[in-house]
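Please look over the structure shown here. A short report on its parts follows.

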Amino acid sequence: MKKYIYPAFVLNLFFTVLLGILYPGVLDFIGNLFFHNRASGSVILDDTGRIIGSEFIGQIWNSEKYFWGRPSASNYDAMNSGGTNYSPIDTRTLGKITEAKKRFQNQSGIPEELLLSSGSGLDPHILFNSAIFQMPRIVGACEGKINEEELRKLIIRNSEGKDFGILGQERVNVLKLNIALDKQCQVKGSGNVDGHK
Amino acid sequence: MGDVILVITLLLICLGLGAVIGKYMARSLNDEKICLTDRFICRMGIDTKSQMNWKEYLLSTLVFTAFGFIFLQAVIMCQAWLPLNPNHRPNLPFLMAFNITTSFVTNTNWQNYAGESTMGLFSQMVGLTVQNFLSAAVGVAVLLAFVRGLLIKESITLGNFWKDVSRFTIKILLPLSILFAIFFIQQGMPQTFKGTITATTLEGKAVKIPVGPVASQMAIKMIGGNGGGFYNGNATHPFENPTPISNFIQLILILLLPVSCVFMLIFMLPNRKEGYMILSVMGVMLLVGIGISYWGQSQINSITQMKFLEGTESRFSTFECSLWSVLTTAVANGSVNCMHSSLSPLSQLVALFNMMTGEVIFGGVGSGLYGMFLYVLLTVFLAGLMVGRTPEYFGKKIETKEVYWVGIALLFPGLLNLVFSAIALNTSSGLSSISHSGEHGLSEVLYAFSSSFGNNGSAFAGLSANTDFYNTFTGMGMLFGRFIVIVACLVIAGRLGVKKAIVAGPGTLKTDTTVFAFLLLGVIIVMGALTFFPALVLGPIAEHLIMGQ
């Protein structure tokens, strides 16, 4: 038995050091050297250098004057990622849809993805059309500081197309779009929006 | 149209890269010359020279895995006392830790925990990441031993386990992982030893975002066929799969090494047509699965009158979601880029069927191919019975004892899967974890055990799996699913190795023909269907019919 125990023990120890410590350590070094922002979580700072969030992690939006993301099973709690895991025939989905529709005041033609929860609960994107759909509300909430044409341009500027024409979907990063929007539409008194100045 | 181009590009890249890596594997893993890795391992006092018979090879596999088990179990049960635990995660209780450990040493990566709220960074790195590598290496080592058993004549030597494991880890897994981890960081995966980012949103709300050494773990998670995520959301989580490009690359990685293993076989065989036959059977089954799953997923759900967008991510298309669900279950990967529980019933069916057939459509790294060989031996045996001749494979007579072990390896995991599911459905401790009533509740349990026995690791995550019942039973399922097959394969390899190879005569059944490929396909489907059809009818098929009303 010693014939097996010694090599099994030593190899496990050796690989633990090599793959468990050296490998991630070296990558940490390389990552921070060449892609420092990416490696540390792609944080976005405001003008004063405060962290607003990560480019890749969706946030919850309450104010009328911001674009809203998809429903989330965990209410965008990044410590609790995951979906609802409702089956296609689960009627709980219908309740969720009704709830989500109410938020959009039961307008007609709400894009489906704005009614159905994302897989991670932290989806940072909405589809291009879902952003266009929300334009009238934003224009209204901005009280004349931005018109539809300007807003459309803003969305287009912040949208990401399919990669190589076949990968992914045409989409908008909600946080980035809202930051850009914030610069043009500073409204006081609508929600607690004055954190960012 | 874009979707067709996507899948064709994907498969061509996998075949091309797979051929290159497979050829390199065939050469470097079988090279008799002592290489740098061997010398280094030798320096530690490990014998990499002597040849092992099947018993020695099996014992090495088991003892090696046992030590990995003890290390990992110790790390996660003591993580509160270990360094690099910036978020102060507590020690995990025994049964929960048992399930996690079993899961990672068997290459399953079934997760009864949510990574970001359970695991310290030390556990993720030094514990889980290491086993991601080693469990994949063990799979390839067993495959190598099996193929050598087919090829050697009147000999008992199947190779040296220590040499096979360390060569594959150091020469194949590590360089690939470094390469792709760097790419993933560039795409947006974090790689840091800080635990959390604290941010204040534009609306003035404070939020915490967990980060860590994600890229290094995700690279091997995809390459080694493990599939266990850093985060609970797995590859739906934007940090684990930030862009459509990272998604495409990960789809390639799911298939890459399993395809490479088939090419390694092809380059090891004197008659390469035998290998191409297996490759084409796997390819056909994969394409059919992709087709059915996509068709199901692109329908309209009649309950919500909407597309199947629940549990998806907006950066990935419907096709990218259904494609991933097929690949991750055909290959024993088990990662997800949309929530499988919310997939269309037909896509659920394909995923379940893939796992129930033992994941032989390319399958796990190493394990898929040795699983496929069991089906090949069974088919050879059945065909032999039909024409009334002693069945032969590679000139080796397939006799009672071999067929006996093939039977055990193919039937027992399926049988136990159904028995465990039945126990779960008849006890309150099994039922209380289910989150859906009716058909989908059954599917949740069936999926959990199919995933465990198939060493897949994906889940219908509505099931609360962190209970004593499921920790014990899925844990046993993973162990049985892995080691029944490994034991059977090594026994068969040992028995075939000592046989004489008979020169093929006019009456020999050719195993490299289209006819044989169809026969093999039939055997796989009939075996899967006979074992699981009733259960599938009550689960996903019933769900599909209800939805169609």
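In which hand, left or right, does helix 10 of chain B pass helix 11 of chain B?

## Two helices in chain B

The crossing is right-handed: that is how helix 10 of chain B passes helix 11 of chain B. A crossing counts as left-handed if the near helix is turned anticlockwise from the far one by less than a right angle, and as right-handed if clockwise. Helices here are DSSP runs of H or I with at least four residues, strands are runs of E with at least two, and both are numbered from the N terminus.

Helix 10 of chain B covers residues 272–297, and helix 11 of chain B covers residues 318–330. Their axes come within 9 Å and cross at roughly 140 degrees. That angle makes helix 10 of chain B oblique to helix 11 of chain B, because angles under 35 degrees count as roughly parallel, over 145 as roughly antiparallel, 65 to 115 as roughly perpendicular and the rest as oblique. Axes are lines fitted to C-alpha atoms, for helices over the stretch in contact, and angles run from 0 to 180 degrees between N-to-C directions.

Among the residues that meet are B:L286 and B:I290 in helix 10 of chain B, and B:F319 and B:L323 in helix 11 of chain B. Contact means that C-beta atoms, placed from the backbone, lie within 7 Å. The contact has eight nonpolar, six polar and no charged residues. Ala, Val, Leu, Ile, Met, Phe, Trp, Tyr, Cys and Pro count as nonpolar, Asp, Glu, Lys and Arg as charged, and the others, Gly among them, as polar.

## About the model

This is a predicted model: local features need pLDDT of at least 70, side-chain atom pairs count only at pLDDT 80 or more, and totals for chains, interfaces and linings use all residues. Residues are numbered from 1 along each chain as its sequence is written, while chains are lettered from A and ligands numbered from 1 in the order in which they are written.

## A sheet in chain A

Three strands of chain A form an open, antiparallel sheet in the order 3-5-4. Strands pair if DSSP finds at least two bridges between them. Strand 3 (125–127) and strand 4 (159–160) of chain A are the edges, each pairing on one side only. Strand 3 of chain A joins strand 5 (residues 171–173) of chain A over three bridges. One bridge links A:H125 to A:N173.

## Where the chains touch

The contact takes 85 residues from chain A and 93 residues from chain B. Helix 1 of chain A gives the most to chain A's side, with 21 residues.

Key
Two residues are in contact if their C-beta atoms, placed from the backbone, lie within 7 Å.
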